[in-house]
Amino acid sequence: MARWITQTALRTLRNLEVWVVNPFSYGGIVGNGAFCNRTRELADLTDMMKSAGRSFVYAERRMGKTSLILRALAKLPKKQFVTVYVDLWPTDGSAAFSQATAKAVSVAAESTSKRLLELGKSLFGRLRPSVSLDDAGQPKIDFGIDGRAVSRADLVEVLDAPQKLADKTGKTVVMVFDEFQQILDYEDDTTEKQIRSSIQHHKNVAYVFLGSRKHLLQSMFLDEARPLYRSAMHYPIGPIETKHWQPFVAKRFQHADKQIDRQTIASLCKRTGGHPFYTQHLCHVLWSMTETGEEANEADLDTAVAELLRRESHAYVNLWEAMTKNEQRFLRGLAECEEPPKPFSSDFTRRFGLRSASNAQRAAESLEAGDIIEREEASFVIVDRFFRLWIQRLFAN
Ligand SMILES: Nc1ncnc2c1ncn2[C@@H]1O[C@H](COP(=O)(O)OP(=O)(O)OP(=O)(O)O)[C@@H](O)[C@H]1O
Ligand SMILES: [Mg+2]
């Protein structure tokens with residue numbers, strides 16, 4: 001009897017806990033416990049970091065770049081590596097770039113106020129470092145370059161700091177620049193040029209450039225006329241395969257005493273294309289709709305998708321109505337083809353009413369520039385996987 005009570009109580013507690021915390025999260029960085037697979041990518045990136053290589057890692061928005069790279073950095077032994085993560089998202093010019101990079105390098109190497117200041121002065125003397133305490137009482141470093149333009153000499157100092165840090169510590173320094181496409185919006189290409197000329201002399205420093213907006217980034221590394229042409233190995237990150245999602249999703253349902261079979265998970269992944277953000281989002285909704293002790297089936301999946309599309313429909317209607325007819329036809333074609341189509345073939349243009357390859361070309365260019373579609377091998381994908389489902393439904397009857 002006592003044992004029965006304990007088990008029942010435990011089960012109730014477990015249910016209460018999972019009632020509160022949905023095990024599928026979307027939108028933030030995912031780490032331990034919420035991270036699915038990426039074993040091969042982690043191994044490849046770690047090898048590249050260990051050999052102090054340069055790589056340019058690109059993927060569509062929310063494909064899991066930041067989560068992946070932070071996980072790779074966390075796995076590197078601290079005794080041999082100093083890892084520096086620079087988020088360029090808030091930067092708008094070479095001064096902000098210098099500030100963000102100098103800060104990231106300093107805090108990656110030192111944590112006490114005194115040593116932080118010493119290091120700041122030794123690596124970034126030109127940028128007038130100062131140390132203070134933040135609201136949580138933690139030391140933070142700032143540089144006196146707010147609101148002023150940085151000179152080439154300042155940039156050289158910032159970009160040579162990783163090499164100096166590697167020499168000083170005897171460790172390999174791993175520099176990660178996230179949202180690297182931001183530098184395309186800077187006042188000029190001084191930063192891009194200086195990165196090229198500085199890093200080519202560095203030893204024991206690995207560089208990882210991360211970014212979305214593939215078409216812009218690729219031109220940075222593939223266009224002969226650009227400073228960073230062929231300066232880094234390309235490493236694209238794609239969706240996660242269904243066979244990896246199946247145990248990941250099933251386990252999280254089971255833990256809450258809910259069920260979902262492999263086939264339903266496969267069907268879910270087909271709808272999201274295995275894109276991590278959309279897969280987690282759809283799982284989140286499906287999980288919350290499934291009662292404890294119940295199984296989520298194909299019909300529930302349809303309901304979950306309908307609910308998601310209902311929530312987004314206002315935004316999708318506006319987006320759709322702002323498009324030209326040819327853009328709509330092009331998107332319809334992409335949405336309805338099971339496999340990535342050849343969008344400039346006469347088959348495609350005839351079937352979806354585009355009439356000519358040049359009409360299709362123009363539609364593709366403007367949709368790509370607006371980040372609605374991304375180039376994928378010889379075809380394109382609709383970036384927002386739920387928008388794709390919405391378009392499919394629009395023409396379903
Ligand atoms: N390996 C993974 N396992 C499970 N979910 C993941 C994984 N990677 C990413 N996700 C899901 O995708 C979301 C976005 O991840 P993350 O922020 O790392 O992507 P990103 O490519 O850096 O996005 P952004 O383009 O916005 O910078 C996460 O919140 C999570 O829901
Ligand atoms: Mg990111």
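Modeller: A crossing is left-handed if the near helix is turned anticlockwise from the far one by less than a right angle, and right-handed if clockwise. The model here is predicted: local features need pLDDT of at least 70, side-chain atom pairs count only at pLDDT 80 or more, and totals for chains, interfaces and linings use all residues. Residues are numbered from 1 along each chain as its sequence is written, while chains are lettered from A and ligands numbered from 1 in the order in which they are written.

Colleague: How many helices and strands does the chain have?

Modeller: Helices (H or I, at least four residues) and strands (E, at least two) are DSSP runs, numbered from the N terminus. The chain has 16 helices and eleven strands. Its C-alpha trace spans about 75 × 65 × 35 Å along the principal axes.

Colleague: What is the handedness of the crossing of helix 6 and helix 7?

Modeller: Two packed helices are described by the angle between their axes and the distance between the axes. Axes are lines fitted to C-alpha atoms, for helices over the stretch in contact, and angles run from 0 to 180 degrees between N-to-C directions. Angles under 35 degrees count as roughly parallel, over 145 as roughly antiparallel, 65 to 115 as roughly perpendicular and the rest as oblique. Helix 6 (residues 152-169) packs on helix 7 (residues 190-199) at an angle of about 45 degrees, the axes being 10 Å apart. The two helices are therefore oblique to each other, and their crossing is right-handed.

Colleague: Which residues of helix 6 and helix 7 meet?

Modeller: Two residues are in contact if their C-beta atoms, placed from the backbone, lie within 7 Å. Helix 6 brings Arg152, Leu155, Val156, Leu159 and Asp160, which meet Thr190, Thr191, Gln194, Ile195 and Ser198 in helix 7.

Colleague: At what angle do helix 10 and helix 12 cross?

Modeller: The axes of helix 10 (residues 262-272) and helix 12 (residues 298-321) cross at roughly 30 degrees and come within 10 Å. That makes helix 10 roughly parallel to helix 12. The contact is made by Thr264, Ser267, Leu268 and Arg271 of helix 10 with Glu298, Leu301 and Val305 of helix 12. This crossing, too, is right-handed.

Colleague: How are helix 13 and helix 16 placed to each other?

Modeller: Their axes come within 9 Å and cross at roughly 100 degrees. Helix 13 and helix 16 are therefore roughly perpendicular to each other. Leu331, Arg332, Ala335 and Glu336 in helix 13 meet Arg388, Ile391 and Gln392 in helix 16.

Colleague: Which residues of helix 15 are buried?

Modeller: A residue is buried if 20 or more other C-beta atoms lie within 10 Å of its own, exposed if 12 or fewer, and partly exposed in between, with C-beta atoms placed from the backbone. In helix 15 the buried residues are Ala360, Ala363, Ala364 and Leu367. They cover an arc (of the directions from the helix axis to the C-beta atoms) of only 100 degrees, which puts them on the same side of helix 15. The face turned away from that side carries the exposed residues Ser358, Glu365 and Ala369. Cover for the buried residues includes helix 13 (325-336), helix 14 (346-351), strand 10 (373-376) and strand 11 (379-382).

Colleague: Why does Met323 count as partly exposed?

Modeller: Met323 has 17 C-beta neighbours inside 10 Å, so this residue counts as partly exposed. Met323 lies in the loop between helix 12 and helix 13.
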